[in-house]
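Please look over the sequence and the 3D view, then work through each task before reading its solution.

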Amino acid sequence: TARAISLAAGSDVGNPWTNPPPAQETNVTAFSRLSLAHAFLLTYDSIPVLWMGDEFGMPGAIDPDCRRMMRFGGALSGNEQGTLTNFQKLGKAREAHVALRRGTRTRLWVDASFYAYGRVDGADIVVAAFNFGSAQASRTMTVTNIGLTGTVTDALSGATATVSGGMLTVSLPPLTAAVFTQ
């Protein structure tokens, strides 16, 4: 199977012998897409499964190119290190919030470029929001149906938002996700 970052970059992943993806991906948009996929994978229903190296964006075409040697620490580019840091934040949020592991999911917003849902397990409430578009997006959604109140903090950026009158307004840059927790 080709690597996620190579698919996100639109690399030729069909023939690793004649035109393999680069040793390190440089397409910033591909890293944004990969981080969106990570956020979805770690906040949606199911047990997340990830192939080693995909947590930072190791490139590769189909077998055997998808089996490149693992890289660590200083061997990672700035984009790769940023993607790894983002993935680690998602992992910590998943560990800290039972709602992300077994909570019920309620759709809060969906349109062509924005998707948001709440995950609830008892008093633990998390809102995951995704801007798939190419421009800044702001959406105001009802959260009374999931019991969300007060101020929430994005586990990825540290940004805060406040529920007012049962409504939560989420503003996201293009190709980014937020995981709001109480």
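A residue is called buried when its relative accessible area is under 20%, exposed when over 50%, and partly exposed in between, using a 1.4 Å probe and protein chains only. This is a predicted model, where local features need pLDDT of at least 70, side-chain atom pairs count only at pLDDT 80 or more, and totals for chains, interfaces and linings use all residues. Residues are numbered from 1 along each chain as its sequence is written, and side-chain values use heavy atoms, with hydrogens and water left out.

**Exercise 1. Find which residues of α2 are buried and what covers them.**

Step 1: Locate helix α2 at residues 28-43, a run of 16 residues.
Step 2: From first C-alpha to last, α2 reaches 23 Å, close to the expected 22 Å; the expected span is 1.5 Å times one less than the number of residues.
Step 3: The buried residues of α2 are Ala30, Phe31, Leu34, Ser35, Leu36, His38, Ala39, Leu42 and Thr43.
Step 4: An α-helix has 3.6 residues a turn, so residues three or four places apart point the same way.
Step 5: Taking contact to mean heavy atoms within 4.5 Å, the cover over these buried residues includes the helices α1 (4-9), α3 (78-96) and α4 (99-102). The strands β2 (114-121), β3 (124-131) and β8 (176-181) are also among the covering elements.

**Exercise 2. Examine the backbone at Ser46, Pro64 and Leu175.**

Step 1: Ser46 sits in the loop between α2 and α3, and has a positive phi of about 130 degrees although it is not a glycine.
Step 2: Ser46 counts as partly exposed because its relative accessibility is 45%.
Step 3: Pro64 also lies in the loop between α2 and α3, and the peptide bond from Asp63 to Pro64 is cis, with omega near 15 degrees.
Step 4: Leu175 belongs to the loop between β7 (167-172) and β8; its phi is positive too, near 50 degrees.

**Exercise 3. How much of the chain is buried, and how far apart in sequence are its contacts?**

Step 1: Of the 182 residues, 45% count as buried.
Step 2: Among contacts between residues at least 6 apart in sequence, 62% join residues at least 24 apart.

Note on methods:
Helix = DSSP H or I, 4+ residues; strand = E, 2+ residues; numbered from the N terminus.
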